Amino acid sequence: MSGGLLRRALGLRQAKIGLTLTGIVVLLAVAGALFGNMITGYQPDDFSGKPFHANGMAGTDGVGRDVLTRFLDGGLDLLGYGLAATAIGVLLGAALGMLAGYTGGWLDGLIMRGSDVLLSIPQLVFALLAIAMIGPKGWLLILVIGITHAPRVARVARQTTVGVIGQDYIKAAQLYGMPRRRILLREVLPNITGPLMVELGLRLTYSIGYVASLSFLGLGIQPPAADWGLMINENRIALVVQPWGVVLPVLAIAVLTVGTNLITDSLAAAAARRTTEES
Amino acid sequence: MTALDVTDLHVSTVDDTPVLRGVSYSIEPGEILALVGESGSGKTTAGLAALGHFRTGLKAVSGSVLASSCGGAPSDVLALPEKQRRALRGRVISYIPQDPALSLNHSLRIGKQIAEVLEVHGYPGSVEDRVRETLTEVGLPSDTEYQRRYPHQLSGGQQQRVGIAMAFAWKPSVVVLDEPTTGLDVTTQALILETVAKLAAEQDTAALYITHDLAVVAQIAHRVAVMYSGEIVESGAARQVLHEPQHSYTRALMAAVPGIEGPVGRSEAEEPDEDVVLRAERIEVSYADTKVLRGVDLAVRRGESVLLLGESGSGKTTLSRSLCGLIEKCTGTVTLDGNPLSASARKRSCEQLRDVQYVFQSPFSSLNPRRTIAESVEVPLRQLTDLDKDQRRKRVAEVLEQVRLDPEYADRLPGGLSGGQRQRAAIARALVTTPKVLVCDEVTSALDVSVQATILELLGELRTELGMSILFVTHNIALARHVADRIAVLREGLIVEQGTVDRVLDAPEHEYTRELLANTPKL
Amino acid sequence: MIRMILRRLLISVLVLLVVSILVFVATLLLPGDPARAILGTQATPERIAALQEHMHLNVPVWQRYFDWLSGVLTGDLGFSTSTQGSVNTLLADRIGASLVLLIASAVISTPIGLVVGTWSAIRAGRTSDHVVSGFSLVIAALPEFVIGVALVVLFSTSVFKLLPSVTLSPPGTPVWERPTQLVLPVLTLVLVVTPYIVRMMRATMIEVLASGSVEMARLKGIPERIVLFRHALPQASGPVAQVIALQLAWLAGGVVVVEFLFRYPGIGAALIDAVNNRDVQVVQAITLLIAGVYVVVNLLADVVGIVTNPRLRTEVAK
């Protein structure tokens with residue numbers, strides 16, 4: 001199924017760079033969360049010195065906690081939230097988009113007009129609206145970012161589904177009395193994995209960006225937790241004296257999103273090439 | 001003096017796979033040379049090279065293309081600097097594309113598109129007058145109101161005339177025509193061919209006519225060059241090449257062309273009610289305000305092959321799909337062995353679905369690119385029968401053998417097969433449930449002529465072997481004697497004439513059938 | 001054509017109406033008593049009762065919605081609990097400041113994006129194209145605050161100390177009186193938006209340049225410059241208008257983070273404050289305002305698409 005696509009994409013140099021960059025940050029986040037205190041000798045909430053002081057490799061933050069420890073501990077939540085929001089968005093969007101594209105008629109109209117409404121509120125603003133009412137809860141971040149991805153994924157899924165169901169092999173399946181759910185899963189889905197994989201990558205890049213942005217705004221992951229977005233916000237007043245508290249997390253987020261975007265772009269190139277070869 | 005002289009032209013892809021391997025041809029003023037070849041033979045590349053144009057991914061390796069404007073010295077199009085090459089294009093050498101719908105600029109009025117080619121090369125006379133003149137020459141209205149139309153406001157035939165007007169506006173010495181009538185119906189095609197022949201003769205233009213259709217060649221060309229995998233394998237006077245082909249490839253190609261004369265049809269008595277398998281009565285289908293089918297009656301007898309003839313827009317595909325339950329909104333009755341069939345495949349029983357099977361026009365679209373051939377062929381068995389896995393696998397192998405498809409292709413994806421092989425697989429899928437009636441919708445129109453011949457042969461053999469009935473839907477009347485016992489002619493949603501092949505071809509009763517026969521090019 | 005535009009207009013109005021319902025329904029998600037949720041557990045019963053009165057919490061939901069909507073439609077955006085004043089006065093100055101950011105970024109990024117994208121498409125496959133594509137791919141991946149912080153490090157705190165890292169204008173004075181404080185916010189937004197326009201323009205133009213009608217124009221011997229301007233660019237205008245609209249509409253949301261980062265006194269920063277203070281009617285007003293900008297900009301893009309496409313502009317002749 002999509003195995004061929006991944007293999008194709010990974011043959012590209014750009015994908016290898018992207019995978020390396022992403023791999024480094026993921027490894028850092030996972031290993032950092034597990035073994036961070038063994039490396040630096042501090043727990044994320046321990047005080048290691050005076051505030052904004054050059055104590056330790058990367059100094060201390062505004063309340064005197066070790067920046068390196070908090071940096072090592074601060075990536076895992078971001079990754080987890082990003083992945084969960086992406087999964088919700090892509091699954092929901094793909095299902096709705098395929099259904100709309102295949103069924104047509106009023107259901108298509110309803111789903112697509114519904115997404116028009118959601119699309120008219122920028123994703124971050126939508127998240128802020130929800131947070132204003134319910135408060136900055138972890139599950140809410142995941143849910144609201146996932147839900148706002150869905151209409152964007154649905155548009156792509158619908159468009160590609162419409163392209164596929166115009167093909168005669170779908171009519172052939174109908175001719176053999178294949179039930180609708182089976183047609184969608186066995187005939188349509190394998191033929192739209194390319195665009196969906198591209199969406200998956202794109203949405204992951206954006207999810208990470210949104211979770212980090214919300215934390216940066218002070219409305220995502222809450223203190224005293226260690227988190228990259230939050231760290232940037234907490235430490236930026238001392239950018240001139242102790243830049244590491246800002247620079248390290250900024251670099252990590254940048255490398256991570258650039259990495260996932262490079263992989264996504266390779267997937268898109270591979271999918272496009274596969275389509276031309278098959279025709 | 002020769003108008004166009006191409007010598008030993010080599011073209012390859014940018015990664016050095018040869019596309020043209022030493023192509024040479026020349027055309028005299030006023031002469032029409034047909035460049036004939038099947039898909040992938042390199043004929044379009046050879047034609048575009050005359051204008052010094054190579055599509056993305058291709059490059060010229062060696063050779064020369066000498067073009068002479070009337071009275072001027074010949075110049076090598078390939079060796080010229082870009083600016084001078086551009087000055088030749090559209091003025092000395094012009095091009096008429098295959099699909100005017102894609103090649104005309106949809107945001108520019110047609111008058112402007114013709115005037116443009118005159119303006120950029122500095123036409124000495126009045127551009128306005130010349131645009132009017134060329135429009136008249138190609139048989140279009142020339143008034144300002146017509147010139148202000150956009151391409152989408154014209155029919156396909158009219159769009160192609162605009163293309164011809166642009167090409168002949170400068171009275172060029174060479175014009176390259178790339179399959180200019182593909183996609184047009186035979187009546188429009190005849191008019192276009194007539195216009196091109198007339199203009200080339202009047203303006204003393206040398207024409208390179210690229211086509212895959214040998215019957216068209218017989219009608220228009222003075223000389224023929226036959227291309228096969230990047231080489232010209234045979235060339236000479238049209239009559240000689242078509243009637244006494246020397247090269248084995250040309251001979252095979254000529255043998256594969258279905259002639260309207262063909263073998264004499266199996267004449268059977270015209271008794272419509274004798275042992276009918278599939279009967280359609282008062283079939284009507286409308287989309288929005290247009291009635292596509294307006295009360296069609298059609299009967300197919302056991303073991304018989306019926307040719308359903310219709311041009312594009314006649315409703316032939318809608319009719320064939322209605323019979324199979326793919327058009328839910330069709331009204332009227334369809335009966336199989338006297339039992340009524342639902343208009344929706346979803347509501348038909350498994351047995352009914354097994355008994356009426358359908359082969360689609362394009363094997364490039366009818367097979368799921370993510371399933372292996374064996375998996376695709378197995379689908380009907382899985383959905384419509386109770387066979388277990390082993391039995392299904394056995395039956396798939398059996399039917400692949402029946403359609404003469406090598407078992408090694410069974411586990412490949414469609415992408416790894418040629419068009420002809422894919423169509424065999426699609427036929428295998430339709431046969432796997434041993435249907436009583438097989439509906440074949442333009443099953444050869446996406447294929448090259450030599451492949452078409454093998455598919456037609458296969459269908460004939462299968463019919464004898466299996467004793468099934470075939471409804472063969474096509475726009476090509478020349479296929480009739482090769483595949484059918486009877487013909488039904490569909491026009492604008494109505495059957496205008498029915499009868500045995502011999503009767504309809506030899507003594508057509510309806511005006512429309514007579515017109516079709518007259519306009520179909522013959523070898 | 002007029003009918004199509006009117007139809008599109010009607011859809012836009014409907015979308016905005018549904019957005020207003022959504023924005024209103026969101027307030028029903030406030031846990032427990034909204035007045036208590038806003039004022040906190042320390043509030044006196046009198047204050048809570050006063051706020052309930054003010055928010056019309058004691059009338060039915062649907063009536064509250066219509067009261068609120070008719071207020072919005074007549075230009076009364078409601079009451080801000082944190083500033084104890086009308087939402088109108090709170091936003092009045094800030095809308096102007098945000099528009100300055102928005103328009104400046106749009107005016108800079110759109111032409112750059114179109115020109116660079118076209119140039120890259122013409123040179124597709126060459127080194128310069130690879131460089132442009134690579135750059136835009138990398139920058140497009142970065143969240144706006146990452147770009148903003150990087151610019152601050154580069155231009156105001158650590159490497160060069162040229163530009164202010166925060167907005168210095170005292171409240172009430174126009175932000176454009178000190179142009180240097182606009183540079184970094186505008187630059188951030190430009191860097192965020194331009195890569196998308198470049199990528200889209202490049203992809204569209206590559207497709208158009210490979211189309212049959214462009215090949216035909218070249219085979220007619222038309223000079224490359226005319227091919228580009230008369231035959232290629234008009235074909236790209238429809239899809240590109242869509243993307244530009246999408247990006248500009250996106251800017252309306254993107255200003256939130258950028259204004260927060262640079263302490264810029266616009267509606268984005270006001271939104272963050274309002275969310276922190278649970279200032280419900282301010283959040284509602286700003287959300288609706290941003291959605292309005294989005295809908296209007298997209299409507300304009302669609303109208304451009306309809307007007308520039310002769311197939312939609314003229315009747316199909318028989």
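In this predicted model, eight bridges connect strand S1 (residues 4-13) of chain B with strand S4 (residues 58-67) of chain B, and the two strands run antiparallel. Within this pairing, His10(B) has Ser62(B) in S4(B) as its bridge partner. The two strands belong to an open sheet of four strands in chain B, whose order is S2-S1-S4-S5 and whose pairing is antiparallel.

Another part of chain B shows a hairpin. Strand S19 (residues 486-491) of chain B and strand S20 (residues 494-500) of chain B run antiparallel and are joined by six bridges. Ile487(B) is paired in this way with Gly499(B) of S20(B). Two residues lie between S19(B) and S20(B), and in the turn Glu492(B) has a positive phi of about 45 degrees.

The backbone deserves attention at further points. Most residues other than glycine have a negative phi, and most peptide bonds are trans. Asp204(B), a residue other than glycine, has a positive phi, near 60 degrees. Asp204(B) is located in the loop between helix H8 (186-203) and strand S8 (206-211) of chain B. In chain A, the peptide bond from Pro223(A) to Pro224(A) is cis, with omega near 5 degrees. Pro224(A) is found in the loop between H9 and H10 of chain A.

The description now turns to the contacts between chains. The size of an interface is often given as the accessible area lost when the parts come together. Between chain A and chain C the buried area is about 3,700 Å², and carbon and sulfur atoms give 77% of it. This contact involves 42 residues of chain A and 44 residues of chain C. One salt bridge is counted between chain A and chain C; the side chains of Asp265(A) and Arg199(C) form a salt bridge, with an N to O distance of 3.1 Å. Seven residue pairs are in polar contact between these two chains, both residues of each pair being at pLDDT 80 or more. On the side of chain A that touches chain C, two or more residues come from each of helix H5 (105-119), helix H6 (123-134), helix H9 (180-216), helix H10 (228-235) and helix H11 (244-278) of chain A. The residues of that side comprise 30 nonpolar, nine polar and three charged.

Chain A also meets chain B. About 2,200 Å² is buried between chain B and chain A, with 49% of it on carbon and sulfur atoms. In chain B, the residues that lose the most area to chain A are Arg370(B), Arg371(B) and Gln383(B), which together account for 28% of what that side buries. Two salt bridges are found across the interface of chain B and chain A. The side chains of Asp168(A) and Arg321(B) meet in a salt bridge, at 3.5 Å from N to O. Between chain B and chain A, 10 residue pairs are in polar contact, with both residues at pLDDT 80 or more. The side of chain B that touches chain A draws at least two residues from each of helix H12 (316-324), strand S16 (356-359), helix H14 (373-384) and helix H16 (419-431) of chain B. Of these elements, H14(B) gives the most to that side, with five residues. By type, the residues of the side of chain B that touches chain A are 12 nonpolar, six polar and seven charged.

Terms used:
Residues numbered from 1 in each chain as written. Chains lettered and ligands numbered in written order. Predicted model: local features only at pLDDT ≥ 70, side-chain atom pairs only at ≥ 80, totals over all residues. Heavy atoms only, no water. Contact = heavy atoms within 4.5 Å. Buried area = accessible area lost by both parts, 1.4 Å probe. Salt bridge = Lys/Arg side-chain N within 4 Å of Asp/Glu carboxyl O. Polar contact = N/O pair within 3.5 Å; in protein donor to acceptor, adjacent residues only side chain to side chain. Nonpolar A, V, L, I, M, F, W, Y, C, P; charged D, E, K, R; others polar. Pairing = 2+ DSSP bridges.
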